[in-house]
Amino acid sequence: MPERARRAPALSARARLAVVFGLAFAFASVQSLAALPALWLIAGVSVLASGRPWQILVRLRGAAVLAAGFALVLPLIAGEVVLAHLGPIALYQEGALAGALIAGRLLAIVAMTLAILSPVAPFDLVAGMRGLGVPTLMADLALLTLRYMDEVAAQLARARLARRLRGGTTGWRALPDHALLLATSLIRAQARSEQLWAAMRLRGYGAGLAAPAATLSARDWAFVTGAGGLALAVIWMGRSL
Amino acid sequence: MTLLELEQVEVGWPGQGAVLSGLTLALGQGARVGVVGPNGAGKTSLFHTIAGILAPRQGQVRLRGQPVRQGQFVPDVALVFQQADDQLFCPTLIEDVSFGARNLGLPAPEIAARVAEALHACGLTGLEDRPITQLSGGEKRRACIAGALVMQPDLMLLDEPSAALDLRSRRRLIRLLAGMEHAMLIASHDLELLLDLCPRVIVLDAGRICADGPAHEVLGNAALMDAHGQEVPHSLTPHNPACHQHRLRAKI
């Protein structure tokens, strides 16, 4: 296993999770638009330090679409002070501010989380969650959900291909069919998850024999302490600006 | 000493008929037994019952005299699932193969030694960091077996081990299994594989054991095989001289 050991992440999963929880909480507490650049700076540095910025940006697409949705929809529906009129549509100041704030925080949190947690294998991540005191049931659910989502995505892709090969229609008219495919994939994935769960239990998962998680190293402590200080600074800045 | 005993085991779902009924079976240390039967005969349910996934409604499963209880972790029994994807869930091969050893709480050097040994036995050395999704069907099957071997079980339950394998992978799998000293129960429709590996075969149909005996006798019994939706393996089919002469004439 020397090859594997050489490429193992330098920081433990527990330390990474603790930092992500702390920073995400601090980011979420920010209520001022003026503090957003600081959040983006921290997230940007995390992304660059991860050594895989391009991959993280690609994985950020989903969150970016959601953030854009908040930033575009909230100004149209929330608030009283009208900023501008676009024909029959009014843009509200409160909605625009809230949309920008929510979108900005969301992008910063997701980017920072991806950057810090992406080098960790799912199994180690779940072990780290347990090490932080997260109940075993929740940690197990998280692991199965990860596998379950992969399974649903793969099933859905295969079902779509099979449908297309047999002349299935595409576009908006096929939306009910796609919903049906999704439902079928979910049911099949649940059956596979049950098998996976059985396979995991048969190999001793949750039997209580596994060695307890190792204590945090000096490097872990330095990382957690530094990130804790950063989180406190973000909270202070978010309240004072 | 008997390794595995099933005594009048009945398994079924609530409100439904029995999937397995009146099953009595004994297996010694290092024994290799083939299980044949049509689809839905109860082969997978039998394995799940032995492994403690399903609980018998009646009767008892005992491993070295100790009852196997549902949900109990039994490291001495390893089950290799029919679908490799039902068993492999870690991102890379080495993570999946080491999964069981880590759960046993073994020290890191022993985990590494067991993993290296299992990978070597299964011909997977060098693929340690390969993502599971990039393994071929044969490699996935061997990865499942390696994951089971790491536990150093006394009994291996192999459910359709040669399903969907090409000829080369199938031959390699037979060599791998033939070299193992573990007791094995192998459920398969690949009767030639069972002939190669198992001195003893049982026929399971509608949840009952219909025949139990030496592989050549059971699998070579045309009436028995026909009655349970099976065919005599080609290697045991009596030579037909008329057919042979006909082929010779056509060739000339």
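What percentage of the 252 residues of chain B count as buried? In this predicted model, the share is 52%.

The secondary structure of chain B consists of 9 helices and 10 strands. Chain B is as compact as a globular protein of its length, because its radius of gyration of 20 Å is close to the 18 Å that the globule rule gives for 252 residues. Along the principal axes, the C-alpha atoms of chain B fill a box of roughly 65 × 50 × 35 Å. Among the contacts in chain B with a separation of 6 or more, 65% are accounted for by residues 24 or more positions apart.

The accessible surface of chain B amounts to about 11400 Å², and carbon and sulfur atoms contribute 51% of this area.

In chain A, helix α7 spans residues 122-131. The buried residues of this helix are A:F123, A:L125, A:V126, A:G128 and A:M129. After α7(A) comes A:G133, which has a positive phi, near 95 degrees.

The C-alpha atom of A:G208 is separated by 32 Å from that of A:A227, a residue 19 positions away along the chain.

Definitions and conventions. Residues numbered from 1 in each chain as written. Chains lettered and ligands numbered in written order. Predicted model: local features only at pLDDT ≥ 70, side-chain atom pairs only at ≥ 80, totals over all residues. Heavy atoms only, no water. Buried < 20%, exposed > 50% of the residue type's maximum accessible area, 1.4 Å probe, protein only. Helix = DSSP H or I, 4+ residues; strand = E, 2+ residues; numbered from the N terminus. Rg over C-alpha atoms; globule rule 2.2 N^0.38 Å. Contact = heavy atoms within 4.5 Å. Areas by Shrake-Rupley, 256 points an atom, 1.4 Å probe, with all protein chains shown as cover.
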